[in-house]
Amino acid sequence: MKLTQTHIEELYKFTKKHYVEYYDVQTELVDHLANDIETICLANPKLSFDDARDTSFKKFGIFGFMDVVEQKQSQMTKKYFKIILNFAKEWFKLPKIILTALLFIGFYQLQNTPNAYTIYSTVFGFIFLAQVILTIINARKLKKEFKTTKRKWLFKNIINVKGLIYAAFISIYSFQYLFPNNTKDFLLMGDFRKAFSAFFITFLVIFGYITLVVIPKKAEELLEETYPEYKLI
């Protein structure tokens, strides 16, 4: 059996019915199902399309497509943080390393002032709040976009929503557990602890800038690199 366009459309509906909401993951599964169905029908020509499809689907086990979806989410999340890391590396090379060094020195010296804890708290609070606000704005934007295109893209969702949620949790976790929680403790820190704190908050400022400014600006470019078909929309 050679699958027709109608069959392909039915497979898209089938994957969606089985809780696969992202178009790119649907496409990957549809390609797999289509090839497998043709192989099954070649071995047993009397099978109907629906029977061959169900036979193919059973090969995914009792959880259906869930394992595939989770695997793709993990893969794309790793890709997202790898992109952040690549952008972050630029801040430790000339000429940006000069600004990185100035930030580090500034935060290091800041820890000797009475307002150190307040300023650190403000920096963390601003980064966290900005990440949360942008997450909400992007989620609404994607929801509105879906009404028009009828398509969701996994990596686009990670860039605009899930990735920012992860970033916000990293920011708040870092502040809660890796830094002193009052001015007195800031002033009593030794040189090594001060250097660690200054380095880490410098990195988090860079991390926040990348997630809030750099990646959103390059989102379309990153999506086109990930999905060649995305350019056609």
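His 18 is in contact (heavy atoms within 4.5 Å) with Phe 57 and Phe 65, residues up to four places away in sequence not being counted. This residue belongs to the loop between helix 1 and helix 2, helices being DSSP runs of H or I of at least four residues, numbered from the N terminus. His 18 is partly exposed, with a relative accessible area of 23%, where buried denotes under 20%, exposed over 50% and partly exposed the range in between (1.4 Å probe, protein chains only). The C-alpha atom of His 18 is separated by 8.6 Å from that of Met 66, which is 48 residues away along the chain. The model is predicted, so that local features need pLDDT of at least 70 and side-chain atom pairs pLDDT 80 or more, whereas totals for chains, interfaces and linings use all residues. Residues are numbered from 1 along each chain as its sequence is written, and side-chain values use heavy atoms, with hydrogens and water left out.

Helix 1 (residues 5–17) packs on helix 2 (residues 23–43) at an angle of about 125°, the axes lying 9 Å apart; axes are lines fitted to C-alpha atoms over the stretch in contact, and angles run from 0 to 180 degrees between N-to-C directions. Residues that make this contact include Ile 8, Leu 11 and Phe 14 of helix 1 and Leu 29, Val 30 and Leu 33 of helix 2.

In helix 4, the buried residues include Val 68, Lys 72, Met 76, Tyr 80 and Phe 87, and their cover includes helix 2, helix 7 (154–178) and helix 9 (191–226).

Definitions and conventions:
Helices (H or I, at least four residues) and strands (E, at least two) are DSSP runs, numbered from the N terminus.
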